[in-house]
Amino acid sequence: MDPNIIRRLPDAELEVMQALWSCTPPADRAAIEKNLHRARPMAATTLLTLLVRLGEKGFVNIEKSGRKSIYTPCVSRQEYLAAQGRNFWEKLCGGSVSTFAAALCDSGLSREELAQLRELLEKEAL
C-alpha cells in the first residue's frame, strides 16, 4: 500500500491492527484476541466485524483455512506510523519545523525523551 494514501484508522480498528502486528503472521482470531485482550477486551463478533472492515480497507488480507480465517497485515506498523507522522506534519504543523518542535515540547515528553530525540537527530539515526 502506498504510504501516501494510508488513511488514519478509527481507534477500535487501530487497536485491532496493533494486536495483529503483535502476532506472528499469519494469525487467527484467537491469537489476535489474546493480544487485544491485554489492551481492550472486546466481543468476538466485534473483533470479526473490525477485521472484515480492515480487510475491505486493504489493511488486512483474510484467507479461509477450513472453518476459520487467517489474517495477515497488508500494512506494517512502520508504514502506518510513517504515513500518520507525515499526515501530522503536513496537516497539523503545516510542514513547519518550528511548529512541529513546539508540539513535541508541549506534548508532555520528558527532558530525557527530548534529549534522546535530539541525539538521534544529531547522529542521523532517524
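I call a residue buried under 20% relative accessible area, exposed over 50%, and partly exposed in between. By that rule Phe88, with a relative accessible area of 31%, is partly exposed. I keep in mind that this is a predicted model.

**Entry 1: overall layout.** I looked up the elements first. The protein chain has six helices and three strands. From the N terminus on, I read their order as α-β-α-α-β-β-α-α-α. I then checked the dimensions. The C-alpha atoms fill a box of roughly 55 × 30 × 25 Å along the principal axes. The radius of gyration is 18 Å, whereas a compact globule of 126 residues would have one near 14 Å. Buried residues are 24% of the 126 residues. I also noted the accessible surface, about 8,600 Å², with 52% of it belonging to carbon and sulfur atoms.

**Entry 2: aromatic pairs.** How many aromatic pairs does a search of the whole structure find? I got four. One of them is Trp21 with Tyr80, a tilted pair at 6.0 Å centre to centre and 45 degrees between the planes. Trp21 lies in helix H1 (residues 11-21) and Tyr80 in helix H4 (residues 77-92), so this pair ties together parts that are 59 residues apart in sequence. Are these two residues buried or exposed? Trp21 has 15% relative accessibility and counts as buried. Tyr80, at 6%, counts as buried too.

I went on to Phe88 and Phe100. Their ring centres are 5.9 Å apart and their planes stand at 65 degrees, so I logged the pair as edge-to-face. Phe88 is in helix H4 and Phe100 in helix H5 (residues 97-106), twelve residues apart. Phe100 counts as partly exposed at 27% relative accessibility.

I also found a cluster. Ring pairs link Trp21, Phe59 and Tyr80.

**Entry 3: the core.** Which residues have the most contacts inside the largest nonpolar core? They are Val16, Met17, Ile32, Phe59 and Tyr80, in a core of 23 residues. H1, helix H2 (29-39), helix H3 (44-56) and H4 each supply at least two residues of it. H1 gives the most, with six.

I followed Tyr80 further. Leaving aside neighbours within four places in sequence, Tyr80 is in contact with Ile6, Arg7, Arg8, Leu9, Leu14, Trp21, Phe59 and Val75.

**Entry 4: contact range.** Residues 24 or more positions apart account for 51% of them.

Definitions and conventions. Residues numbered from 1 in each chain as written. Predicted model: local features only at pLDDT ≥ 70, side-chain atom pairs only at ≥ 80, totals over all residues. Heavy atoms only, no water. Phe/Tyr/Trp six-rings, centres within 6.5 Å; stacked < 30°, edge-to-face > 60°. Helix = DSSP H or I, 4+ residues; strand = E, 2+ residues; numbered from the N terminus. Buried < 20%, exposed > 50% of the residue type's maximum accessible area, 1.4 Å probe, protein only. Core = buried A, V, L, I, M, F, W, Y, C linked by side-chain atoms within 4.5 Å. Contact = heavy atoms within 4.5 Å. Rg over C-alpha atoms; globule rule 2.2 N^0.38 Å. Areas by Shrake-Rupley, 256 points an atom, 1.4 Å probe, with all protein chains shown as cover.
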